[in-house]
Amino acid sequence: MKQGLFLLNCKDKQRRADEPLRRLKQNFSDVEFIESYPNDIEELIHSVEEAKRLGVCMVVAGGGDGTISVVAGLLNETDIPLLVLPMGTVNAFARSMGIPLDPVEAASHFIPGRVRAVDMGSVNGRFFLCFMSIGIDALAVHLVDKRVKKKIGKFAYVLSGIRSIVSSRSIPCFEFEKRPCYHCIMSNVRNYAGIDMFPENDVGDGAMLYTLHGSNNIIATLLWARKLAFNKRGEYDVLTSEKNMVFECDAPVHIQIDGEAVLFDTIVDAKKTITVRVHEKSLKVFCT
Ligand SMILES: [Mg+2]
């Protein structure tokens with residue numbers, strides 16, 4: 001019998017696992033699922049690496065975009081398809097891919113063989129599946145208070161977004177093709193942080209969409225953020241990425257990768273450059 005990994009990283013893991021797992025077993029009757037409920041990132045990585053060593057035929061990952069991102073990075077450039085069960089706050093990947101946001105319903109939609117290859121991105125070698133940002137938006141993710149997020153969900157990002165814009169004067173400038181920037185959002189998927197900001201995005205075309213903002217004036221930044229938040233199509237530039245894009249900066253900048261806060265310092269290379277790469281069709285995912 002083939003083996004598959006069933007991994008859940010969310011609150012009340014075991015209780016929430018029962019019904020999705022039962023439905024998956026119905027549709028994937030020839031797969032024996034190894035269950036994994038990691039307590040931290042190290043355990044999660046170990047589970048996926050062990051599953052790869054065993055030669056599993058699929059990996060089911062239940063959790064938020066952060067969990068999905070880590071698992072996707074580990075499955076990048078393998079033939080092991082990823083099945084996503086949305087169990088997070090935003091679930092941008094599931095929203096973009098038309099996966100039902102209820103994990104039980106999602107579990108019953110997947111069938112063997114309905115798999116497609118999608119692109120992944122990387123920032124100085126660290127993989128992302130959905131999106132990344134540099135500057136003001138990334139600072140907002142850095143400022144999110146985990147306790148507040150537990151209480152009010154994605155509205156915690158709205159609060160930290162306002163805080164980030166108010167402090168935008170102190171954000172260091174970075175450059176892209178000699179153009180000064182304070183903010184870059186790049187997305188592989190249609191949905192960005194719960195908003196369908198890039199509806200024309202194709203997750204498997206070898207390119208990503210991005211938008212830049214070149215001012216740290218608070219009013220200008222507020223107006224720009226408002227256009228993005230309210231999805232004022234045509235009022236902000238949407239550009240298509242190259243396979244390799246290099247951003248340069250002198251001071252540490254804030255970076256966000258699939259909703260996770262990273263300081264430029266932690267992924268810095270000698271030349272103080274941020275290299276974003278598009279890895280075309282490097283990950284296989286189940287679609288509904
Ligand atoms: Mg694309």
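Me: How many Å does helix 1 (residues 13-27) reach from its first C-alpha to its last?

Reply: This is a predicted model, in which local features need pLDDT of at least 70 and side-chain atom pairs count only at pLDDT 80 or more, while totals for chains, interfaces and linings use all residues. Residues are numbered from 1 along each chain as its sequence is written, and helices are DSSP runs of H or I with at least four residues, numbered from the N terminus. The expected span is 1.5 Å times one less than the number of residues, and helix 1, with 15 residues, is close to that expected 21 Å, since its reach is 21 Å.

Me: At which residue does helix 1 bend?

Reply: The bend at a residue is the angle between axes fitted to the seven residues ending there and the seven starting there. In helix 1 this angle is about 30°, and a proline, P20, follows within four residues of the bend, which is at E19.

Me: Which residues of helix 1 are buried?

Reply: A residue is buried if 20 or more other C-beta atoms, placed from the backbone, lie within 10 Å of its own. In helix 1 the residues that qualify are A17, P20 and L24.

Me: How are helix 8 and helix 9 (residues 218-229) oriented to each other?

Reply: Axes are lines fitted to C-alpha atoms over the stretch in contact, and angles run from 0 to 180 degrees between N-to-C directions. Here the angle is about 150°, with the axes 9 Å apart. Angles over 145 degrees count as roughly antiparallel, and helix 8 and helix 9 are therefore roughly antiparallel.

Me: What angle do helix 6 (residues 136-143) and helix 8 (residues 155-166) make where they pack?

Reply: Their axes lie 8 Å apart. Helix 6 and helix 8 are oblique to each other, with an angle of about 125°.

Terms used: Helices (H or I, at least four residues) and strands (E, at least two) are DSSP runs, numbered from the N terminus. A residue is buried if 20 or more other C-beta atoms lie within 10 Å of its own, exposed if 12 or fewer, and partly exposed in between; C-beta atoms are placed from the backbone. Angles under 35 degrees count as roughly parallel, over 145 as roughly antiparallel, 65 to 115 as roughly perpendicular and the rest as oblique.
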